[in-house]
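Dear colleague,

I am handing over the structure that we spoke about, with the sequence and the model together below. My notes follow it, so please read them with the structure open beside you.

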Amino acid sequence: MRSIINVYTIGALILLGLIFFPSCQSPVIETADESLDISLEPGPNTEEEAQGALIEVEEGEVIEFGEGTFNFTKTLTMDGKSKVTIVGQGREKTIFSFKDQNDGGDGLLITNSDNIVVRDLTILDAAGDALKFRNSDSIVMAGIGTVWSGEPSEENGAYGLYPVLSSNILIEDCYCYGASDSGIYVGQSDKAIVRDCEAEGNVAGIEIENTTNADVYDNYVHDNAAGILVFDLPGLSQAGARTRVFDNRIINNLRGNFAHEGHIVAEVPAGTGILVLSTDEVEIFDNTFEENNVMGTMVASYQSLVALGRAPEPPSDYEPFPEQIYIHDNSFSRSNTYPAPEEQSFFGNLLVQSFESNSIPDLLLDGVFAPGTGESGTICIEENEGNSFVNLNLATFPNDLSFNQSPHNCSLEPLPEVTVDVPDF
């Protein structure tokens, strides 16, 4: 294995060894033309060695980080690479610390790359987003931690794991804490799986935004302001559709909303389990909801935010209405514990005040449906355990609440399983 600083020297020594001592075997290579891996350990030259490795790594190589804390003051970047693995010794053992970062907005930024694996390390206290992929294909994030130290704050970076404008994404067995927007965010992408992850202490645990073909399952999402968001927002490169959210534990998401004022996530009520906003073809099933006491699950239109004065008018080519939403076979339980008013969003306080001492129902619709979709708005709800229901009819809220779920007692065709083309790891 080699340090990036001494690659040429070590390569020459290995070659001489093969010539003059043919009976000796290298522990890393078997032939002189086989690729060499890069090995890095914490030390005084950590920053230049790591950035050098990300620049010089070649196709098929592995950059391996040893056990310990690697201190960085600048964003690490990798661009235009293929078939590269970046690996540590485990989430608890290999730490990338950016607590003294003074240059760049991200921790590790990977762009214009394909067949990339990042695994088994933690990114700590990044100034902005912790691990960001952009314009990349076939990417794996596994066994990654993204953490901001101390009590979560709006001064923390926005996103923990952040693939955007990418495709064929696998996020697996990761832990995300303290993001001032979303712990795990998949945006403007196609074909994504988020599974077996834990998200806590974020504004939103997991967010799928303007993305097509996503599966979110077997995750533990707890102690966030909101558990899982599935959004389509205006002014972005594509619309989203076909997201399945299933077999997740969505528990006790009652943390105060600490997002920056003016960001759309700041409008999400603290105490939300799942919020679906203005996107199509979403299936929510076999999830366990406990103690998400303000909005267990809500389906809403962006137009409601506009009507409440919480968002600007969208462009004319934006489709604001959610359609083909299927919520079934989930279980709900809750109490009347709510976040403090000063930690709550505008709409969250409006809900709590409107229902006064009564429990807010588990399933909420804003009643703003796409024209021509009838009484159901193509939102179907069935076979949930313990749920209560309300259509807020926001056009006349709070004067025309409907607790009659029957217009939505219908079924939709289940969405297909999402598969992703990613490298083995």
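Cys-176 is buried, with a relative accessible area of 0%, where buried stands for under 20% relative accessible area, exposed for over 50% and partly exposed for anything in between, all with a 1.4 Å probe and protein chains only. Its sulfur is 6.1 Å from the closest cysteine sulfur, which belongs to Cys-174, and this is too far for a bond, since a disulfide is taken here as a pair of cysteine sulfur atoms within 2.5 Å. Cys-197 is also buried, at a relative accessible area of 3%, and the cysteine sulfur closest to its own is again that of Cys-174, 4.6 Å away and too far for a bond.

Before going further, please keep in mind that this is a predicted model, in which local features need pLDDT of at least 70 and side-chain atom pairs count only at pLDDT 80 or more, while totals for chains, interfaces and linings use all residues. Residues are numbered from 1 along each chain as its sequence is written, and side-chain values use heavy atoms, with hydrogens and water left out.

The structure does hold 1 disulfide, formed by Cys-380 and Cys-410, whose sulfur atoms are 2.0 Å apart. This pair links distant parts of the chain, 30 residues apart, with Cys-380 in strand E30 (residues 379-382) and Cys-410 in the segment after E31; helices (H or I, at least four residues) and strands (E, at least two) are DSSP runs numbered from the N terminus. The link is left-handed, with -100° about the S-S bond. Cys-380 counts as buried at 3% relative accessibility, whereas Cys-410, at 22%, counts as partly exposed.

The segment after strand E31 (389-391) also holds Asp-424, which is exposed, with a relative accessible area of 76%. Asp-424 and Ile-116 are 308 residues apart in sequence, yet 10.0 Å apart in space, C-alpha to C-alpha.

Turning to the strands, I use "pair" where DSSP finds at least two bridges between two of them. E3 and E6 pair in the parallel sense over 4 bridges, and Phe-70 has Phe-96 as its bridge partner in E6. E6 in turn runs parallel to E8 and is joined to it by 3 bridges, with Thr-122 of E8 as the bridge partner of Ile-95. In a regular strand the side chains alternate between the two faces of the sheet. Both faces of E6 are covered, with Thr-94 and Phe-96 on one side, Ile-95 and Ser-97 on the other, and all of them buried.

A further parallel arrangement involves strand E7 (residues 103-111) and strand E9 (residues 131-134), which are joined by 4 bridges, and here Leu-109 has Lys-132 in E9 as its bridge partner. Another 4 bridges join E9 to strand E11 (residues 159-164), again parallel, and Arg-134 finds its bridge partner in Val-164 of E11.

As for aromatic residues, the structure holds 12 aromatic pairs, which are rings of Phe, Tyr and Trp (its six-membered ring) with centres within 6.5 Å, called stacked when the planes are under 30 degrees apart, edge-to-face when over 60 and tilted for the rest. One of them is the edge-to-face pair of Phe-72 and Phe-96, at 5.3 Å centre to centre and 80° between the planes. Phe-72 lies in the loop between strand E3 (68-71) and strand E4 (74-79) and Phe-96 in strand E6 (residues 94-97), so this pair ties together parts that are 24 residues apart in sequence.
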